[in-house]
Amino acid sequence: MTAPARYLNRELSWLQFNTRVLKEAVNPRHPLLERLMFLSISGSNLDEFYMVRVSGLLELIKENIKTPSIDGKSPLRQLEDINAVAGELMASQQSIWNGLRCELATSGIELLEAADVLPSEAEQLRATFMRAVFPVLTPLAVDMAHPFPFIPNLGFTVAFKLRAASGKEMTALVPVPLQAPRFLPVRKAPGISRCVALETAIGMFADALFPGFEVLGSGAFRIIRDSDVEIEEEAED
């Protein structure tokens, strides 16, 4: 009864559960926005999985603990298997998102890239950005005099590679506060909603954040930190 082959690994089993959640995002019996919601749930589930379950395995590996789980896998082997399965899961999430994005556009909800915004729409978008987003942004330089700042768990940040008029290159970060809107409207009409993601708008109007600098490149990232909580009971009873 204790043979490892009789047991499923609990971490891989959880990833299979989240894969079933993701499959609801392609279920045609669900309305389109509900399918988008299932995709979002699978993403937040995966974040929590890495914050708690994977962080626990990393702690075991850090302490050089090699005790196998009930299914016979060492912490390192579990982490290798998790990364392989989670990689496939994230690839599926991206593929499903691309399909849902096309279906949303067909239904009148368009999420635009910077190149898709018309010049007349860009003027209105800049006005919205300067009014609703620009006042709450705090650009941060990263160099020898300014070390990399602390970014909180699930913190969303846009990074820029810049070049000054003198030719000197530098890196800058723009942490995105929670109070900033996640999407900015470009144009609304009956049955049509065109918008851009917040990171797209920040990239489009980087000249307002970094006057006098040329943007050589940019990208957005999030930090997922260890959120596993250890409870120590000191009471004798």
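Author: Let us begin with overall size: the protein has a radius of gyration of 22 Å, whereas a compact globule of 237 residues would have one near 18 Å. The radius is taken over C-alpha atoms, and the globule rule is 2.2 Å times the number of residues to the power 0.38. Along its principal axes the C-alpha trace spans about 70 × 55 × 40 Å.

Reader: What kind of model is this, and which limits apply to it?

Author: This is a predicted model, in which local features need pLDDT of at least 70 and side-chain atom pairs count only at pLDDT 80 or more, while totals for chains, interfaces and linings use all residues. Residues are numbered from 1 along each chain as its sequence is written, and side-chain values use heavy atoms, with hydrogens and water left out.

Reader: How do you know how many helices and strands the protein has?

Author: Helices (H or I, at least four residues) and strands (E, at least two) are DSSP runs, numbered from the N terminus. By that definition the protein has six helices and seven strands, and along the sequence they follow the pattern α-α-α-β-α-β-β-β-β-β-α-α-β.

Reader: Why is Thr128 called buried, and where does Thr128 lie?

Author: Buried means under 20% relative accessible area, exposed means over 50%, and partly exposed lies in between (1.4 Å probe, protein chains only). Thr128 has a relative accessible area of 8%, and because this is under 20%, Thr128 counts as buried. Its place is in helix α4, residues 119-132. Leaving aside neighbours within four places in sequence, Thr128 is in contact (heavy atoms within 4.5 Å) with Val133 and Leu184. In the protein as a whole, buried residues make up 30% of the 237 residues.

Reader: What makes Asn64 exposed or buried?

Author: The relative accessibility of Asn64 is 56%, which is over 50%, and therefore Asn64 counts as exposed. Asn64 lies in the loop between α2 (32-62) and α3 (75-106), and has a positive phi of about 60° although it is not a glycine.

Reader: How do you know which class Pro149 and Leu154 belong to?

Author: Pro149 has a relative accessible area of 22%, and because that value falls between 20% and 50%, Pro149 is partly exposed. Leu154, with 34%, is partly exposed by the definition too. Pro149 is in the loop between β2 (140-142) and β3, and Leu154 lies in the loop between β2 and β3 as well. Not counting residues up to four places away in sequence, Pro149 touches Leu140, Val142 and Leu173. Leu154 has a phi near 65°, a positive value in a residue other than glycine.

Reader: What makes β3 and β7 a pair of strands?

Author: Two strands pair if DSSP finds at least two bridges between them. Eight bridges join β3 (residues 156-163) to β7 (residues 214-222), so the two strands count as paired, and they run antiparallel.

Reader: How is β3 related to β4?

Author: β3 and β4 (residues 169-175) pair in the antiparallel sense over seven bridges, and the bridge partner of Thr157 in β4 is Pro175. The two strands form a hairpin with five residues between them, and Gly167 in the turn has a positive phi of about 95°.

Reader: Which strands pair with β6, and in which sense, parallel or antiparallel?

Author: β1 (residues 109-112) and β6 (residues 192-197) pair in the parallel sense over four bridges, with Leu111 opposite Cys195. β5 (residues 183-189) and β6 pair in the antiparallel sense over six bridges, with Arg187 opposite Arg194. β5 and β6 also form a hairpin with two residues between them, where Gly191 in the turn has a positive phi of about 80°.
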